[in-house]
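Subject: Structure handover

Hello,

Here is the structure I said I would pass on.

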Amino acid sequence: MRSLLKRFTEGSKAAAPEQPSLGDIVSGYSIEVMPRTAAKVEDFRALLPKGTRVYIAHIEGTPIEDMVATAKRISGEGYPVMPHFPARIIDSAAVLEDWIKRYQGEAGVDQALLLGGGVSVPAGSFDNSMQMLETGLFDRYGFKRMHVAGHPEGNKDIDKDGSSKVVDEALQWKQKYSERTDAEMAIVTQFAFDAEPIIAWDRRLRAAGITLPIHLGIAGPAKLQTMLKFAVACGVGPSLKVLQKRAMDLTKLMLPYEPTEVLTDMSAYLATEKDSLIEQLHFFPLGGISASTDWANAQVDGKPAE
């Protein structure tokens with residue numbers, strides 16, 4: 001796996017790498033949808049570059065039939081699909097196997113994002129993604145890529161004391177698992193609004209021996225009020241102060257949030273941090289799919305978003 005910096009400077013004769021542009025770091029992004037939001041999109045080919053990975057979020061209460069139908073539809077339009085497998089809403093290993101077989105047989109899916117899921121009481125025996133990996137079902141059915149969740153600012157639902165002990169131990173376990181599976185693995189992160197905790201986390205993971213590539217979660221453009229609501233609901237950590245500061249500025253209060261500042265800071269970091277694990281970006285379209293794709297595609301094309 002190549003870091004973003006290596007991707008941009010590979011083959012360059014320059015003595016020192018130049019700072020990648022926003023278009024450089026946005027290029028190759030992935031994006032997340034839900035069945036009900038995907039249903040509003042007439043044709044994803046009008047929004048997404050060819051080959052864009054599309055994650056399908058599985059919210060508690062969504063029938064598996066709707067998830068599989070959405071995966072089949074988007075896959076049929078030519079995009080690699082990565083559905084969520086939230087451990088705490090899956091009743092048993094038998095249900096997990098049924099989901100895997102449905103996705104594979106009906107939609108040709110061979111990728112999965114495994115995560116704990118945002119419910120407090122598990123529906124069955126699964127409480128975390130590691131337990132699902134331990135079943136061996138994804139390897140048995142030949143899944144080629146498996147992603148797991150990462151939390152640059154910690155996760156208070158997991159580490160209730162505010163530390164990162166449990167999530168750090170989990171990543172160590174997933175690192176070891178990646179070394180015994182044939183599937184490609186990566187860490188997909190919760191979104192953050194400040195580069196500082198992301199950079200510190202990237203460095204800390206490397207110091208701990210983690211080599212899994214990072215797909216950095218970024219919130220796409222949205223109204224500030226919408227962004228604040230999602231940030232609180234999703235447990236965003238100290239970087240929430242970036243939004244709170246913006247809300248205090250009357251000149252910016254009515255303007256939509258865009259991830260320009262955090263990505264500009266990440267560009268500067270990636271220009272010098274040759275060993276960064278950050279491989280690509282993953283967009284959470286909190287302000288709508290088209291708002292995120294319009295903004296992202298405009299960066300790649302080098303044109304201002306309309």
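This is a predicted model: local features need pLDDT of at least 70, side-chain atom pairs count only at pLDDT 80 or more; totals for chains, interfaces and linings use all residues.

Helix 4 itself covers residues 64–76, which makes 13 residues. From the first C-alpha to the last it reaches 18 Å, close to the 18 Å expected at 1.5 Å a residue. Its buried residues are Ile 64, Met 67, Val 68, Thr 70, Ala 71 and Ile 74. Seen down the helix axis, these buried residues fall within an arc of 160°, so they line one face of helix 4. On the face turned away from the buried side, helix 4 carries the exposed residues Lys 72 and Gly 76.

What does the buried side of helix 4 pack against? Its partners are strand 1 (30–33), helix 3 (35–38), strand 2 (54–56), strand 3 (81–86) and helix 5 (93–107). Thr 70 gives one example from this helix. Thr 70 counts as buried because its relative accessible area is 10%, and the cut-off is under 20%. Leaving aside residues up to four places away in sequence, Thr 70 touches Pro 35, Ala 38 and Ile 56.

Next, the core. The largest nonpolar core has 77 residues, and Phe 85 and Phe 138 have the most contacts inside it. Phe 85 touches Phe 138 itself, and its other contacts include Trp 99, Tyr 103 and Met 132.

Last, the charged pairs. The whole structure has 12 salt bridges. One of them joins Arg 88 to Asp 127, with the closest N and O atoms 3.2 Å apart. This pair links distant parts of the chain, 39 residues apart: Arg 88 is in the loop between strand 3 and helix 5, and Asp 127 is in the loop between strand 4 (111–115) and helix 6 (129–134). Arg 88 is buried, at 16% relative accessible area, whereas Asp 127 is partly exposed, at 33%.

Glu 169 and Lys 165 form another salt bridge, with the closest N and O atoms 2.8 Å apart. Both are in helix 8 (residues 165–178), and because they are 4 residues apart, about one helical turn separates them. Glu 169 is partly exposed, at 45%, and Lys 165 is exposed, at 52%.

Regards

Definitions and conventions
Residues are numbered from 1 along each chain as its sequence is written. Side-chain values use heavy atoms; hydrogens and water are left out. Helices (H or I, at least four residues) and strands (E, at least two) are DSSP runs, numbered from the N terminus. The expected span of a helix is 1.5 Å times one less than its number of residues. Buried means under 20% relative accessible area, exposed over 50%, partly exposed in between (1.4 Å probe, protein chains only). The arc is that of the directions from the helix axis to the C-beta atoms. Contact means heavy atoms within 4.5 Å. A nonpolar core is a set of buried Ala, Val, Leu, Ile, Met, Phe, Trp, Tyr and Cys residues joined through side-chain atoms within 4.5 Å. A salt bridge is a side-chain nitrogen of Lys or Arg within 4 Å of a carboxyl oxygen of Asp or Glu.
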